[in-house]
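Follow along with the structure beside you.

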Amino acid sequence: MSSAFDDVVSSPQVLDLFCGAGGFSRGFEKQGFDVMAGVDTNEDALNTYELNHNSRGIQQDLTELSPPSFAFEYGIYPSDVDVVIGGPPCQGFSLANIDRSVDDDRNNLVFVFAEYVEYYQPDVFVMENVEGIQSIDDGTLFNNLKDNLRDAGYTVESKVLNAADYGVPQTRKRMFVQSVKSESVEWPKQTHEPHEEVQMVADGGSSINPYQTVSDAFEGLPNIGPNETSVIPHHEAPTQRESTISRCRETDQGEQLYDSYETNKRLDANRPSYTIIGKDWKYAHPTEPRGITVRERARLQSFADDFELDGGVPSQRQQLANAVPVKLAESLADVVNDHIDS
């Protein structure tokens with residue numbers, strides 16, 4: 001495959017649309033890509049992005065600028081961009097959203113992403129979304145999206161990836177759409193699997209690794225009790241009432257905290273976390289009677305401890321919930337590198 005870049009550019013240039021806090025960007029950076037800019041509308045997320053990336057953060061509603069106008073406004077032209085990545089806001093597609101509809105305004109953002117891909121014509125692009133995108137309007141929306149991208153000149157494939165399969169201590173399943181100009185699409189090879197499956201093939205010399213667990217993720221963090229803080233940034237227990245603390249203490253690992261809230265559980269130390277979602281503390285620590293901290297949430301998303309977050313605690317939680325886990329992004333970036341080198 002011919003490359004768009006010359007000897008002046010040492011690394012493939014990436015544009016991250018709907019970048020959020022920058023998990024996607026961080027994964028590509030770790031694989032040697034040069035991220036030019038991250039674009040989002042959320043001020044807290046963009047502040048977080050700029051705290052952790054050398055690339056510029058652009059606060060822009062992409063529905064308000066056509067791609068050519070965006071290129072002129074910010075000086076980012078098709079000749080500058082080799083790879084486009086991004087995760088258009090996906091709550092309209094969530095399987096947890098019983099009212100999801102093809103008319104949800106957030107659904108239109110995937111087509112905005114496609115318009116930018118068509119204009120920029122990158123060698124490769126990767127888009128992240130939730131599994132529910134497949135079922136909107138009996139699949140019509142998703143098929144139309146892929147048709148638009150094929151009409152723009154790409155081989156398009158989609159696949160649901162589980163972050164735990166790539167070393168993230170979380171069973172997070174997300175849909176990825178990956179496209180390459182006139183080439184077959186490759187996907188990252190699974191590197192991790194459940195402990196019991198690893199044990200079954202251990203005698204056969206399997207080189208695959210066991211899933212990373214909550215215990216693995218939290219290793220090295222100071223133990224803090226309910227309503228306590230630590231010197232580690234963002235490692236501060238949620239403020240909780242005694243009744244909530246008692247509820248956490250009395251709930252076994254892996255069990256629901258409340259009968260009426262299916263998604264509120266106490267984490268199991270010996271398994272990956274459930275999917276990180278929302279702006280509330282959501283999950284209880286496996287051994288301490290409290291909700292997990294923002295730093296623990298970041299570790300479950302495979303962010304390093306030097307990753308800083310802007311905004312209030314609910315905003316920080318939501319930024320992490322929306323992010324592509326760094327290790328999964330890194331695995332995808334590795335495959336993109338192969339496409340570009342071919």
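Which helix and strands do the buried residues of H11 pack against? I looked them up, bearing in mind that this is a predicted model. The partners I found are helix H1 (23–30), strand S4 (83–86), S5, S6 and S7.

**Entry: helix H11.** I placed H11 at residues 326–341, which makes 16 residues. From its first C-alpha to its last I noted 22 Å, close to the 22 Å expected at 1.5 Å a residue. I then listed its buried residues: Val326, Leu328, Ala329, Ser331, Leu332, Ala333, Val335, Val336, Asn337, His339 and Ile340. I used under 20% relative accessible area as the cut-off for buried.

**Entry: the sheet.** Next I traced the seven strands, which form an open sheet in the order S3-S2-S1-S4-S5-S7-S6, with mixed pairing. I saw S3 (56–59) and S6 (154–162) at the edges; each has a single partner strand, so one side of each is left without a neighbour in the sheet. Neighbouring strands here are turned by 15° against each other on average, direction ignored.

Entry: I picked S1 (residues 13–17) and S2 (residues 34–40), and found them paired in the parallel sense over five bridges. In this pair, Leu17 stands opposite Val39 in S2.

**Entry: helices on the sheet.** I found H2 (residues 43–52) packing on the sheet, where it touches S1, S2 and S3. The direction of H2 makes about 170° with that of S3. H5 (residues 140–151) also packs on the sheet, touching S5 (124–129), S6 and S7 (173–181). For H5 I wrote down about 140° between its direction and that of S6.

Key
Residues numbered from 1 in each chain as written. Predicted model: local features only at pLDDT ≥ 70, side-chain atom pairs only at ≥ 80, totals over all residues. Heavy atoms only, no water. Pairing = 2+ DSSP bridges. Helix = DSSP H or I, 4+ residues; strand = E, 2+ residues; numbered from the N terminus. Axes fitted to C-alpha atoms, helices over the stretch in contact; angles between N-to-C directions. Contact = heavy atoms within 4.5 Å. Expected span 1.5 Å × (residues − 1). Buried < 20%, exposed > 50% of the residue type's maximum accessible area, 1.4 Å probe, protein only.
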